[in-house]
Amino acid sequence: MPKSLRFRSAQTVIVLAVTQLIGWGTTFDMLGVMGRIVAPDLGLPNEVAFAGLTIMMLVSAIIGPATGRWLARYGAARVLSAASLIFTLGLLLLAAANGIVLYAAAWVVIGVGGALGVSAPAYTAVVEREGLNGKRVIAILMLFTGLSSAIFWPILSLLNETVGWRVTFAVCAGLQFFVCLPLHLFGLPKPIATHVEGATAEIAPVPLSKTAQRKAFLLIAAATTITTFITFGISPSLLEIFRQSGASPAFALQLGSARGILGISARFLDMLLGRRGNPMLSAAMGISMMAGSFLVMLVASPSTPLLVTFVLLYGFGAGVMTVARALLPLALFSPREFGLQSARLSLPQNMG
């Protein structure tokens, strides 16, 4: 690859890695630290405070199909810039919240920002700049964004202890406005896929009729929605599952931590494969490993080797599937269609 293209790819990764880390860390991941702190001050039960995430995901799901049309019409950089502004507004509303009404309204606004600013729009920005060669760049980007909670949880805890939760949310809004917005507006390279590759931007990797494309979309939506439902549903209960299976609290925590490391390792492996990787084969492998992990738990007696085997299979399988979910549209649809199809897929995935 020429040096100029390598520099463009590196610039794209750096800009989007920073903005996606901030995007996830100041919204979806943020309640993991701040939820139990905010709830008593607003007179809310913990479960109501954490329902902010449900609001965010539902609103993002509803806005998802429209996001695809906006990505196709305006380009990813403008959509991501709009998300930075909307996130800023939502976080300032959170900082000013004095009860459930303003708190819920803030999460509605953040949900709109989520549809425009995390995952699919960022991957679309990559494809606009890399075309079909964007698989490796997306895998690299996902490697960084998988660390958002590990980076932001201690930062948010320290900020809250130092200045309180309202100023912490205001600082998060400042990161969106003063860091993410300028990077989205001025930091991304100009899209080249449609100009350099010309008509190839319209050519899908797999030639499909309109009817076959609809079937392919429905199959991808079904597979990714089911796996998203499973992983999102199991993650909060994983430590309790380990304890119910006989693990001590300390060992359960070690297994839970190992699961996160395995997920990151799977993303790293996909990054190394780059163009040689096949999202459809990766998805099949990820689903098979996850299914195998559940089968092991069902047929074998609880034991330390059983739990270790489960974590290895489930952790790596879920990590592989996370990358495959992002890349599957690029395996079947043209680069020009990637943003539209990815955003449409976010509706059933976020609803799940």
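Q: Phe-242 and Phe-310: buried or exposed?
A: Start with the cut-offs: buried is under 20% relative accessible area, exposed is over 50%, and partly exposed is in between, using a 1.4 Å probe and protein chains only. Phe-242 is buried, and Phe-310 is too. The model is predicted, so local features need pLDDT of at least 70 and side-chain atom pairs need pLDDT 80 or more, while totals for chains, interfaces and linings use all residues. Residues are numbered from 1 along each chain as its sequence is written, and side-chain values use heavy atoms, without hydrogens or water.

Q: How is a pair of aromatic rings described?
A: By the distance of the centres and the angle of the planes. Here, rings of Phe, Tyr and Trp (its six-membered ring) pair if their centres lie within 6.5 Å; planes under 30 degrees apart are stacked, over 60 edge-to-face, the rest tilted. By this rule there are eight aromatic pairs. One of them joins Tyr-103 and Trp-107, with 6.4 Å between centres and 65 degrees between planes: edge-to-face.

Q: Where do Tyr-103 and Trp-107 lie?
A: Both are in helix H5. They are four residues apart, about one turn of the helix. Helices here are DSSP runs (H or I, at least four residues; strands are E, at least two), numbered from the N terminus. Tyr-103 has 4% relative accessibility and so counts as buried. Trp-107, at 0%, is buried as well.

Q: What is the geometry of the Phe-242 and Phe-310 rings?
A: The centres are 6.1 Å apart and the planes stand at 75 degrees, so this pair is edge-to-face. Phe-242 sits in helix H12 (residues 238-244) and Phe-310 in helix H15 (residues 304-332), so the pair ties together parts 68 residues apart in sequence. Ring pairs also build a cluster: Phe-242, Phe-294, Phe-310 and Tyr-314.

Q: How are two packed helices described?
A: By the angle between their axes and the distance between the axes. Axes are lines fitted to C-alpha atoms, over the stretch in contact for helices, and angles run from 0 to 180 degrees between N-to-C directions. Take helix H4 (residues 76-96) and helix H5 (residues 100-117): their axes come within 8 Å and cross at roughly 165 degrees. H4 and H5 are therefore roughly antiparallel. The classes are: under 35 degrees roughly parallel, over 145 roughly antiparallel, 65 to 115 roughly perpendicular, the rest oblique.

Q: Which hand does the crossing of H4 and H5 have?
A: Left-handed. That means the near helix is turned anticlockwise from the far one by less than a right angle; clockwise gives right-handed.

Q: Which residues of H4 and H5 meet?
A: Contact means heavy atoms within 4.5 Å. The H4 side includes Val-79, Ile-86, Phe-87 and Leu-94. The H5 side includes Tyr-103, Ala-106, Trp-107 and Ile-110. By class, the contact has 19 nonpolar, four polar and no charged residues. Ala, Val, Leu, Ile, Met, Phe, Trp, Tyr, Cys and Pro are nonpolar; Asp, Glu, Lys and Arg are charged; the others, Gly among them, are polar.

Q: At what angle do H11 and H14 pack?
A: Helix H11 (residues 210-234) and helix H14 (residues 279-299) pack at about 45 degrees, axes 12 Å apart. That makes H11 oblique to H14. The crossing is left-handed. H11 brings Ala-223, Thr-227, Ile-230, Thr-231 and Ile-234; H14 brings Ile-287, Met-290 and Phe-294. Six of these residues are nonpolar, two polar and none charged.

Q: Which hand does the crossing of H6 and H7 have?
A: Right-handed. Helix H6 (residues 120-130) and helix H7 (residues 134-145) pack at about 145 degrees, with axes 9 Å apart. Ala-122, Tyr-123, Val-126, Val-127 and Glu-130 of H6 meet Gly-134, Val-137, Ile-138, Leu-141 and Met-142 of H7. The classes are eight nonpolar, one polar and one charged.

Q: What is Gln-341 in contact with, leaving aside neighbours within four places in sequence?
A: Phe-217, Pro-329 and Phe-333. Gln-341 belongs to helix H16 (residues 335-351). Its relative accessible area is 6%, so Gln-341 is buried.

Q: How far is Ala-221 from Arg-344?
A: Their C-alpha atoms are 8.9 Å apart, across 123 residues of chain. Ala-221 lies in H11 and is buried at 9% relative accessibility. Leaving aside neighbours within four places in sequence, Ala-221 touches Leu-345 and Pro-348.
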